[in-house]
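Okay, thanks for coming, everyone. Let me put the model up, and then I'll walk through a few things.

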Amino acid sequence: MEGFTPWPEEFAARYLAEGYWSDRLLGDVLRGGDPGRTALVAGDERLTYAELDRRAERAAAGFARLGIRRGDRVVVQLPNTTSFVVVFLALVRIGAAPVLALPAHRSSEIGYLCELSEARAYVIPDVYGGFDYRDLARSLAVEHVVVDGDAQEFTPLADLDLDLDQDLGSGSGAGLGVDRGSGSDAVLDSGAGAGPVVYERPDPADVGVFLLSGGTTGLPKLIPRTHRDYVYNLEASAEVCGFDRETVYLVVLPVAHNFALACPGVLGVFAKGGTVVLAPSGSPDEAFPLIERERATVCAVVPPIALLWLEAASWSKEDLSSLRLLQVGGAKFAAERAAQVPGVLGCAVQQVLGMAEGLLNYTRLDDPRELVDTTQGRPLSPADEILVVDSDGAEVAPGEVGELLTRGPYTLRGYYRAPEHNARSFTPDGFYRTGDLVRMLPTGHLVVEGRDKDQINRGGDKISAEELENHLLAHPAVHDAAVVGTPDPVMGERTCAFLIVRDQAPTLREIKQFLKERGVAGYKWPDRVELVETFPRTPVGKISKKELAASLR
């Protein structure tokens with residue numbers, strides 16, 4: 001794929017020879033489950049592995065009938081519903097690469113993603129959270145818009161659910177007339193006299209899915225994940241986290257997020273034959289009843305949700321006794337709060353330092369409590385290479401703080417179609433500069449001490465200061481803008497915009513309305529606005545964001 005940076009041949013050969021990579025494909029993860037066992041629960045809908053497999057295969061045929069082919073990109077912006085899972089599995093089976101947008105994204109982000117990825121299709125709900133995604137779709141130059149619900153002038157997702165007119169057979173994926181090998185044609189009988197649907201199966205080395213970077217310069221970058229590296233990502237994670245057939249995984253984060261999708265996430269559960277339960281949100285009012293009803297055993301959350309659950313447990317009447325593991329990631333989880341989880345929620349806590357770019361760190365299930373409470377885990381893979389370096393690129397002394405650099409079998413070698421950014425984000429020998437400032441303990445566990453990049457981590461949502469500044473500068477009353485993060489006990493960080501204005505100063509409400517009209521996702525809007533006459537400067541003339549942030553304390 002043009003714009004994709006592959007692993008060097010010697011690394012690819014080693015990862016294959018040492019068993020980190022295999023020929024397994026993302027579309028085949030359901031083969032880990034028994035056909036009659038429950039795979040997915042979403043609202044009142046319950047699907048067995050056989051039923052979900054068949055739904056995915058029918059949708060795969062539908063997308064192929066629409067003209068979507070191996071190598072095509074499809075922007076998918078669906079909430080936590082059965083349709084997301086079906087569409088994802090369908091696309092990766094026919095070799096198309098889903099570009100996973102979040103429900104919160106608006107025209108600013110979606111228009112950019114469609115253009116950068118050269119997407120042939122855009123998959124959306126009709127209305128979700130009071131927002132009509134069809135209005136957004138009308139502003140885009142995309143060949144196909146597929147709508148889950150009332151499609152109006154677009155293509156209904158239901159129309160892609162082709163009748164394969166065949167019995168499923170006795171095993172998951174059996175009896176579908178599909179060649180399960182890679183790189184060859186698969187043939188499906190679409191039924192109703194419509195003739196066969198033929199599509200080309202992907203190669204394991206193909207890009208399987210595009211994730212989104214948190215973004216430090218401008219809009220998010222596209223992260224290409226191949227079938228090989230992402231299958232290893234989810235399978236190795238499932239092993240480390242102890243997932244098995246008895247795992248009941250409650251999804252409260254957006255399922256399109258890397259953490260909820262494959263760390264081990266939904267795909268890791270499927271690979272082990274467990275059950276996935278989709279929740280609309282992490283609100284205790286919605287999540288706690290599902291834990292009780294479905295006897296959920298594992299959930300992944302960001303620190304603000306964990307803090308909310310710790311408070312809600314004191315007044316909640318739901319039975320949470322089935323919960324055995326709470327994974328907390330996306331931002332640093334304070335040690336004193338991590339220590340409260342077993343006593344308050346009655347389950348173990350696992351800290352996770354991960355990134356959509358690849359590297360995952362987990363505290364282990366048998367780690368001493370002190371390491372679980374005070375660190376963000378150690379690398380997932382024996383093949384993860386870790387460097388902690390100073391500003392000159394030299395390794396720091398053991399235990400000292402430095403920037404985390406990494407390369408390995410599931411960490412990207414380059415963002416998609418971003419050569420200038422790649423030159424800054426990767427060393428000449430292929431190490432990814434994460435921007436995380438960490439200390440490494442003798443055990444190999446990492447402790448996050450901050451960020452080196454100009455990025456705000458607001459409750460696990462990464463906000464590029466530069467992107468928000470550019471939007472603010474478009475406001476007619478704003479002469480200059482500087483965005484910084486400020487510590488917050490619940491969200492980790494909140495966003496403050498320092499503004500130099502021309503005449504009448506806009507209020508925070510007016511700024512938020514302006515950003516809404518520009519199609520900027522709501523989580524990126526500033527929480528606070530401060531008006532200043534000038535910005536403090538560094539000796540070389542740059543805005544001193546350290547001084548601006550310090551002025552807020």
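This is a predicted model: local features need pLDDT of at least 70, side-chain atom pairs count only at pLDDT 80 or more; totals for chains, interfaces and linings use all residues.

So, contact here means heavy atoms within 4.5 Å.

Residues are numbered from 1 along each chain as its sequence is written, and side-chain values use heavy atoms, with hydrogens and water left out.

Back to Trp 309: together with Phe 63 and Phe 270, it has the most contacts inside the largest nonpolar core, which has 156 residues. A nonpolar core is a set of buried Ala, Val, Leu, Ile, Met, Phe, Trp, Tyr and Cys residues joined through side-chain atoms within 4.5 Å. Buried is under 20% relative accessible area, exposed is over 50%, and partly exposed is in between, with a 1.4 Å probe and protein chains only. Apart from that core lies another one, of 17 residues, with Ile 456 and Val 529 among them.

What about disulfides, meaning cysteine sulfur pairs within 2.5 Å? Searching the whole structure turns up zero. Cys 496 counts as buried because its relative accessibility is 0%, and Cys 114 does too, at 8%.

Last stop, Glu 246: buried or exposed? Exposed, because its relative accessibility is 54%. Glu 246 touches Arg 37 and Thr 297, again skipping residues up to four places away in sequence.

Conventions: A disulfide is a pair of cysteine sulfur atoms within 2.5 Å.
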